[in-house]
Amino acid sequence: MDHAMLHGVNLAGWLVLEPWVTPSLFASSGAFDEKGLEAALGHDRYVEVVAGHRSTFIGERDFRQIADRGYNAVRIPVPWTVFGKDGPMPGVDEGCIEYVDRAFTWAEAAGLQVLLVLAAMPGGDDDPEALSNVIAMGSTLRDPVIEVVARLAERYAERDCLIGIEPLDEPVAQRRRGLSVTPGVPMHMLRNFYRDCYEAVRDRAGDHPVVVFSCAGRPDMWNLFMAQSRYRNVWLDLHLYHYNDVVDASGPSGTRRLVERSSDAIARARRSRLPVVVGEWSSSLPVGAGTPTPEGLKAMERVYAAAQIQAFRDSSGWFFQTWKTENKLSAWDARVALSSFERGMFD
């Protein structure tokens with residue numbers, strides 16, 4: 001199906017907690033993730049804290065403000081426990097599906113499109129080995145995770161604002177370097193998991209939802225993957241961050257090199273013959289010894305953001321990371337990083 005080019009924001013840190021988004025939730029516990037927070041607080045208190053956060057951090061007003069700022073879409077990370085005790089593995093955790101329901105209602109009222117992404121996996125989604133164990137053929141967790149993806153697609157298939165479903169947020173693919181192999185998910189395993197997710201979504205929700213697959217940091221490894229005519233509405237997702245790149249971006253030439261790297265990644269991904277979307281990006285720069293004043297840095301970040309948006313015109317759209325942070329981080333919070341962009345400038 002056809003979509004207008006997407007100019008969106010992630011709602012990171014809402015349904016899947018992120019310490020960098022809301023550090024106050026984690027500060028007193030010493031925890032660095034949700035699992036550690038639950039261990040520190042105890043289950044009952046943890047449930048109370050998370051419920052309070054979800055009910056207040058993002059609301060209908062945010063959706064209206066997002067639309068008013070000129071964005072046309074939101075990307076919403078959800079945990080694999082989104083269905084709670086009614087989910088594929090009953091009793092595993094408290095769910096948050098009612099908040100996803102509200103998000104669709106708010107999005108429709110505001111005229112926003114919605115992309116759902118399964119962003120928290122059992123066993124630790126930041127651990128490539130743990131993720132490999134989850135999605136491997138024969139894993140007892142593989143089918144339940146695919147079932148969550150399928151149920152989300154089925155539940156919202158008839159909502160006009162649904163763009164689609166993304167089964168994995170940011171997997172890391174294995175790389176071969178000489179005689180050694182870097183930690184990561186083997187590509188054949190990732191492709192097989194993606195194919196099974198695709199079939200599950202199509203079986204339960206038909207052709208309407210786009211099925212979005214993370215490139216897993218390997219934009220050049222998807223040539224002809226799902227390019228056959230039997231596969232419909234499949235997109236490839238790139239996350240384009242450059243804050244760890246070895247470039248002195250304190251001057252125009254350094255910033256230009258970073259933008260060229262984004263353009264190159266998009267070009268390589270497009271060889272897959274799939275539409276490409278930039279699921280996450282920020283205006284955070286790798287600044288060298290010539291670090292400017294805070295005001296100067298913000299100005300550089302805004303120039304960099306504008307250049308990135310120009311580079312993304314060769315894609316089907318982008319989602320800034322993220323809409324809001326507790327401390328209004330200048331390069332990561334769209335309310336700050338893109339505040340100088342007037343409505344219509346994204347086009």
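Colleague: Which cysteine sulfur is closest to the sulfur of Cys96, and how far away is that sulfur?

Modeller: This is a predicted model, in which local features need pLDDT of at least 70, side-chain atom pairs count only at pLDDT 80 or more, and totals for chains, interfaces and linings use all residues. Residues are numbered from 1 along each chain as its sequence is written, and side-chain values use heavy atoms, with hydrogens and water left out. Cys96 is buried, at a relative accessible area of 1%, where buried means under 20%, exposed over 50% and partly exposed in between, for a 1.4 Å probe and protein chains only. Its closest cysteine sulfur is too far for a bond and belongs to Cys161, at 17 Å.

Colleague: How many disulfides does the rule give?

Modeller: A disulfide is a pair of cysteine sulfur atoms within 2.5 Å. Cys215, buried at 5% relative accessibility, has its closest cysteine sulfur in Cys197, 16 Å away and therefore too far for a bond. The count of disulfides is zero.

Colleague: In β4, which residue is the bridge partner of Val117?

Modeller: Strands are DSSP runs (E, at least two residues), numbered from the N terminus, and two of them pair if DSSP finds at least two bridges between them. Strand β3, residues 113-120, has seven of its eight residues buried and pairs in the parallel sense with β2, residues 73-79, over seven bridges. Four bridges join β3 to the parallel strand β4, residues 162-166, and there the partner of Val117 is Glu166.
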